[in-house]
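Keep the structure in view as you read.

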Amino acid sequence: MNPIEDLVVAYRVLAEHGVIDGYGHVSMRSAADPQRYFISRSLAPELVTEADIMELDLDSNPIDQRGRPMYSERFIHGQVYKSRPEVNAVVHNHSPSVIPFGITPVPMRPVYHMSAFVGMGVPVFEIRDVERDSDMLVRSNPLGQALAQCLGGCAAALMRGHGAVVVAERISTVVGRSIYLELNARLQLQALALARPEQINYLEGGEIEKVTKMNDFMRAWEMWRAKALRQMQAEKPRRG
């Protein structure tokens with residue numbers, strides 16, 4: 001398996017599912033050097049190829065920039081990797097259905113088994129607590145560090161009025177979690193329209209722990225990956 005190819009596939013899959021559109025990004029920690037990570041140059045996710053992947057250190061400085069533009073919010077990734085040594089993949093997205101949960105007192109709760117990881121907690125990062133009157137973007141290491149502290153040991157955190165950050169030990173899991181975080185938010189909003197909050201029967205206790213541990217989304221990843229690779233192969237004549 002080619003890990004850089006898998007990183008490109010992750011961009012394509014998340015774009016296909018509407019989790020990221022023209023914005024958002026995915027990264028992967030380097031297996032050769034855990035003090036570095038890979039991420040695309042600043043580019044719309046659906047256009048990313050292997051040639052666009054850059055290597056950065058954990059302060060989000062490029063190893064070999066070669067004049068390529070970089071994401072202004074790359075500091076999210078470096079600071080999460082610094083604070084969470086077990087994390088090897090990070091997604092930042094603007095998943096639309098999660099936004100209401102970052103601007104209201106209603107917490108995200110796990111609605112179904114595919115999103116059991118939500119039960120680990122989904123804290124909300126309030127950028128105003130770190131920088132007043134910002135442009136909402138995590139443009140520096142101090143802001144990235146504050147977001148990583150808010151994330152704590154959870155699988156995801158919301159960013160008030162902005163989007164989310166999702167983490168996992170491998171690329172397949174972070175893609176699955178990102179997709180199912182959006183779906184969980186959508187389903188929870190539907191449930192809240194049908195019943196009072198206290199009437200909703202969420203996953204709880206041992207269910208959350210057991211299902212989260214079991215679900216690496218590998219079966220879905222293999223399907224998503226195969227479809228993305230076919231699409232990338234079809235693009236080659238047009239690029240060539």
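Q: What makes two residues count as being in contact?
A: Contact means that heavy atoms lie within 4.5 Å. In this predicted model, Phe-75, Ile-76, Gln-79, Val-80 and Ser-83 of helix H2 meet Asn-141, Gly-144, Gln-145, Leu-147, Ala-148 and Leu-151 of helix H4. The residues of this contact divide into six nonpolar, five polar and no charged.

Q: Why are H1 and H5 called roughly parallel?
A: Helix H1 (residues 3-16) and helix H5 (residues 171-194) pack at an angle of about 10°. The cut-off for roughly parallel is under 35 degrees. H1 and H5 are therefore roughly parallel. Their axes are 10 Å apart.

Q: Which residues make the contact of H1 and H5?
A: H1 brings Asp-6, Leu-7, Ala-10, Val-13 and Leu-14. H5 brings Ile-171, Val-175, Ser-178 and Ile-179. These residues divide into seven nonpolar, one polar and one charged.

Q: What does H5 lie across?
A: H5 lies across strands E1 (25-29), E4 (89-93), E6 (156-159) and E7 (163-168). H5 runs at about 145° to E7.

Q: How do you know that E3 and E5 stand at the edges of the sheet?
A: Read the order. The open sheet of seven strands runs E3-E2-E1-E4-E7-E6-E5, with mixed pairing. E3 (53-57) and E5 (124-125) each have a single partner strand, so one side of each is left without a neighbour in the sheet.

Q: In what sense do E2 and E3 pair?
A: E2 (residues 36-40) and E3 pair in the antiparallel sense, over five bridges. Tyr-37 stands opposite Leu-56 in E3.

Q: Why is the pair of Tyr-37 and Tyr-81 called tilted?
A: The structure holds three aromatic pairs. In the pair of Tyr-37 and Tyr-81, the ring centres are 5.4 Å apart; the cut-off is within 6.5 Å. Planes under 30 degrees apart count as stacked, and over 60 as edge-to-face. Here the planes are at 45°, so the pair is tilted.

Q: Which parts does this pair tie together?
A: Tyr-37 lies in strand E2 and Tyr-81 in helix H2, so the pair ties together parts that are 44 residues apart in sequence.

Note on methods: Residues are numbered from 1 along each chain as its sequence is written. This is a predicted model: local features need pLDDT of at least 70, side-chain atom pairs count only at pLDDT 80 or more; totals for chains, interfaces and linings use all residues. Side-chain values use heavy atoms; hydrogens and water are left out. Helices (H or I, at least four residues) and strands (E, at least two) are DSSP runs, numbered from the N terminus. Ala, Val, Leu, Ile, Met, Phe, Trp, Tyr, Cys and Pro count as nonpolar, Asp, Glu, Lys and Arg as charged, and the others, Gly among them, as polar. Axes are lines fitted to C-alpha atoms, for helices over the stretch in contact, and angles run from 0 to 180 degrees between N-to-C directions. Angles under 35 degrees count as roughly parallel, over 145 as roughly antiparallel, 65 to 115 as roughly perpendicular and the rest as oblique. Two strands pair if DSSP finds at least two bridges between them. Rings of Phe, Tyr and Trp (its six-membered ring) pair if their centres lie within 6.5 Å; planes under 30 degrees apart count as stacked, over 60 as edge-to-face and the rest as tilted.
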